[in-house]
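Okay, thanks for coming, everyone. I'd like to walk you through some side-chain contacts and a bit of the strand layout, so let me put the structure up.

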Amino acid sequence: MNAIAPQVSSISALPPADELDRSLRDASPAEVIAAALRTVGRDKLALVSSFGTESATLLKVMADVDPAIPVIFLDTGWLFEETLAYRDTLIATLGLKDVRSIKPAEETLSRDDPDRDLWFSDPDACRRIRKVEPLARALKPFSAWLNGRKRFQGNARADIPVVEDDGARLKFNPFANVSREELEAMFVRAKLPRHPLVASGFLSVGCMPCTSRTAEGEDSRAGRWRGRAKTECGIHTMKAS
């Protein structure tokens, strides 16, 4: 499935998110990505990926639809070396043609986190300068974006729609309806490589200081910001526009 639809000429021409959500409520991930592609065109659509423990599945489905869709990867400066290596593995394995590694602005880091300890004293501020602001900058050229959130991940993700309004752009959640069992089946069926840290007990991987192993029986994201009343890094709790 590689056909590219004409690009929508302006933000005002985008269809309402709730209308798209109704039409795609029961669609497969591939159908959702194809619909996003038809809606805005390849040049105005981006996929945002952490290249984390579950990322290979969404990237595989996207690559089957169109491997040239731009992929935005936020390199925060605090990522595990294993995540950077996994990014390179998936690019080669899936034939991804346009992966863009976005970093925080050096000027901002020098001013707001010169000692690299902001993650400890103010994790929200750390996420803002290392993830939220770089993502907002990277998404400026786009009219819609894809991400890998799933309802089974719980907390703020339990009721996410398939398509939502993200201010000046549309936000597609192709895996909203996918179950944990279906996700595992995708890994097995496509023989996708696993994130290197999964074997060490990391079920969800983010930045090194804020990620820990997950104990048996815990939620898959329990190892993120352990001990803090925090379940999201910030890019999904505010409009990226």
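Predicted model: local features only at pLDDT ≥ 70, side-chain atom pairs only at ≥ 80, totals over all residues.

Let me start with a quick one: is F120 buried or exposed? With a relative accessible area of 56%, F120 is exposed, where exposed means over 50%, buried means under 20% and partly exposed is in between, using a 1.4 Å probe and protein chains only.

Residues are numbered from 1 along each chain as its sequence is written, and side-chain values use heavy atoms, with hydrogens and water left out.

The rule takes the rings of Phe, Tyr and Trp (its six-membered ring) and pairs them if their centres lie within 6.5 Å; planes under 30 degrees apart are stacked, over 60 edge-to-face, and the rest tilted. That gives three aromatic pairs. One of them is F80 with F202: the ring centres are 5.7 Å apart and the planes sit at 65°, so we call it edge-to-face. What I like here is where the two partners come from. F80 is in the loop between β2 (71-74) and α4 (81-94), F202 is in the segment after α8 (180-190), and 122 residues separate them.

W119 is partly exposed at 24% relative accessibility, whereas F120 is the exposed one I mentioned, at 56%.

Staying with rings, we also have charges sitting over them. The test is NZ of Lys or CZ of Arg within 6 Å of the ring centre and within 35 degrees of the ring normal. R116 puts its charged end over the ring of W78, 4.0 Å from the centre. R194 does likewise over the ring of F187, at 4.3 Å from the centre.

On to salt bridges. Side chains of opposite charge can pair when their charged atoms come close. Here the cut-off is a side-chain nitrogen of Lys or Arg within 4 Å of a carboxyl oxygen of Asp or Glu, and the count comes to 12. Which residue does E54 pair with? The partner is K150, at 3.0 Å from N to O. This bridge links distant parts of the chain: E54 is in the loop between β1 (45-48) and α3 (55-65), K150 is in the loop between β4 (144-146) and β5 (163-165), and they are 96 residues apart. E54 is buried, at 16%, and K150 counts as buried at 4%.

Two others to show you. D21 and R25 meet at 3.9 Å, N to O, with D21 buried at 12% and R25 partly exposed at 43%. D98 and R100 have their closest N and O atoms 2.8 Å apart; D98 is partly exposed at 21%, and R100 is partly exposed at 34%.

Now R149, which is in the loop between β4 and β5 and is buried at 4%. Its side chain makes polar contacts with the side chains of N147, at 3.0 Å, and N173, also at 3.0 Å. A polar contact means N or O atoms within 3.5 Å; within protein, one has to be able to donate a hydrogen and the other to accept it, and residues adjacent in sequence count only if both atoms are side-chain atoms.

Last bit: the strands. In a regular strand the side chains alternate between the two faces of the sheet. In β2, V71 and F73 point one way, I72 and L74 point the other way, and all are buried. Strands pair if DSSP finds at least two bridges between them. β1 and β2 run parallel, joined by two bridges, and V48 stands opposite I72. β2 also runs parallel to β3 (residues 99-102), with four bridges, and F73 stands opposite S101.
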